[in-house]
Amino acid sequence: DVPPLDVPELLAYLVRQSGPFLDQLGVRRDLCDKIVESLCSKRKNQLVLRSLAEGEPPTVDSDKINDELDLRIASVLQSTGHCYEGGFWTDFVKHDVSDGKRHVAIVTTASLPWMTGTAVNPLFRAAYLAKSAKQKVTLLVPWLCRSDQELVYPNNLTFSSPEEQENYIRNWLEERTGFKADFKISFYPGKFSKERRSVIPAGDTSQFIPSKDADICILEEPEHLNWYHHGKRWTDKFNHVVGIVHTNYLEYIKREKNGALQAFLVKHINNWVTRAYCHKVLRLSAATQDLPKSVICNVHGVNPKFLKIGEKVAEERELGQQAFSKEAYFLGKMVWAKGYKELIDLLAKHKNDLDGFKLDVYGNGEDAHEVQSTAKRLNLNLNFLKGRDHADDSLHGYKIFINPSVSDVLCTATAEALAMGKFVVCADHPSNEFFRSFPNCLTYKSSEDFVAKVKEALANEPQPLTPEQIYNLSWEAATQRFVEYSELDRVLNNRHYPAKVGSKIIAKSSSLPNLSEIVDGGLAFAHYCLTGNELLRLCTGAIPGTRDYDKQHCKDLHLLPPQVENPIYG
């Protein structure tokens, strides 16, 4: 009774499945949608007639056409009894949920005491996911050898063993959250790159999550973790892989020598690795690169300590006390790319308009001397002070936080300042989209507008945060958004597990073999082959010897040598 698929329908399905691949070649998604729409013109006419018959407006969007195409193909396949048993590249030996609890592994690129976003935010995510007790959680962080620790960690802080560093991390977290989080902390070998100011994994990071726990994986900075990843494909080992994009790498690279060319190459490599290794990608804001399979959602909250400071400020104001005794400040790592260039340009251009306005600047960094000498040469009213924790008592009295940075993806300091009940003056930029709904966030579109917003903040008092605004800034709300947008709720509540045949778990589907999955598998295989070549790795900027971990890592983490762990014969 079901008519077979005609040629236009098959072509439409092929074009739609090839969308991500065509995107790599520069063919826009809207163009693919138009091709599918034209191929399905007969089906579109039928939908219009059906809408008219049901008394609905005769509008048919691309989603409706795609849904109809899916239903059409599913009905044809059902009538033939076809049962698809897996992809060309796919390995179906995955985690079996035998204990009734799901396992979530969070893999990140940095660890405390390095106070960077990719060390702090994944730690809070692990704590609040584990708090619900619905799933077991493992946080996988890089272990650096002593020589690298001395370069990265502040105040000459070093650790002689992973257990010592784990104790430090847990104590730091408990002080800030006020509860003891029940999750596991594991370490993988990493090496610090001075040129990139970041940690590069050494060896196959995926091997440090046991197969019995390989269920759901969260890759914090999936592009960074996979640039040189030479090991098992994440989507083969795990049932569901979610990437969270923290950093606007293209913005930083464009500022370097030959930046345009480097940015072009990195853009396509990022597309490649996120397609090959993730099922879903979350971008914290539209300031990040538009990656395949991605949606935009802020899945970060603020340290509970800042919300408590905000509550204290609100109480003081209710009692008629003066909460803010100082005017304005800026806080951030002192490198040009972190907003210092924009700040100095704005203040230099409007020196006369902001006569008498004094700004305290807190920060340390590689460009500190250059930034300070430039401000002195331009005779700007800036008071430079040593960097400190944003929750430090000395910063509570400021009324206005100035943040002109446009290189951030989602500025943590902006969220913290809003949580403390301050005004925030920041650029009208995609990275600040989430904060616009807060009345104390004053965004400017031009340098003249910047002056107006600073004067507005100086002349007024910030509004107290409502309970809803406080909740939206919290990690509880961020975790809820994460679970929803990553489709984790669907995965966690799914009870239709794959059938076990022999020693393998076989996922069966009533859909056609997904061309997109075959392409993704091919990209992963090509990436595996290329990252296995040491010369190619070095040519693309990898740290020498990071294809495998070294002897020091073996000693610190009690690992077998790589040649024993993965022997090569012949």
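## Helices and strands

The chain holds 24 helices and 16 strands. Both are DSSP runs numbered from the N terminus: helices (H or I) have at least four residues, and strands (E) at least two. Keep in mind that this is a predicted model, where local features need pLDDT of at least 70, side-chain atom pairs count only at pLDDT 80 or more, and totals for chains, interfaces and linings use all residues. Residues are numbered from 1 along each chain as its sequence is written, and side-chain values use heavy atoms, with hydrogens and water left out.

## An open sheet

Let's look at one sheet. Strands of a sheet pair through backbone hydrogen bonds, either parallel or antiparallel. Here, eight strands form an open sheet with mixed pairing, in the order S4-S3-S2-S1-S5-S6-S7-S8; two strands pair if DSSP finds at least two bridges between them. Strands S4 (198-201) and S8 (294-296) are at the edges with a single partner strand each, so one side of each has no neighbour in the sheet.

Arg283 stands opposite Ile296 in S8.

## Helices across the strands

Helix H6 (residues 117-131) lies across S1 (102-107), S2 (135-143), S5 (216-220) and S6 (240-245). Helix H8 (residues 162-177) lies across S2 and S3 (184-193).

## The whole chain

Of the 570 residues, 51% count as buried, meaning under 20% relative accessible area (1.4 Å probe, protein chains only).

Technical notes
Contact means heavy atoms within 4.5 Å. Axes are lines fitted to C-alpha atoms, for helices over the stretch in contact, and angles run from 0 to 180 degrees between N-to-C directions. Buried means under 20% relative accessible area, exposed over 50%, partly exposed in between (1.4 Å probe, protein chains only).
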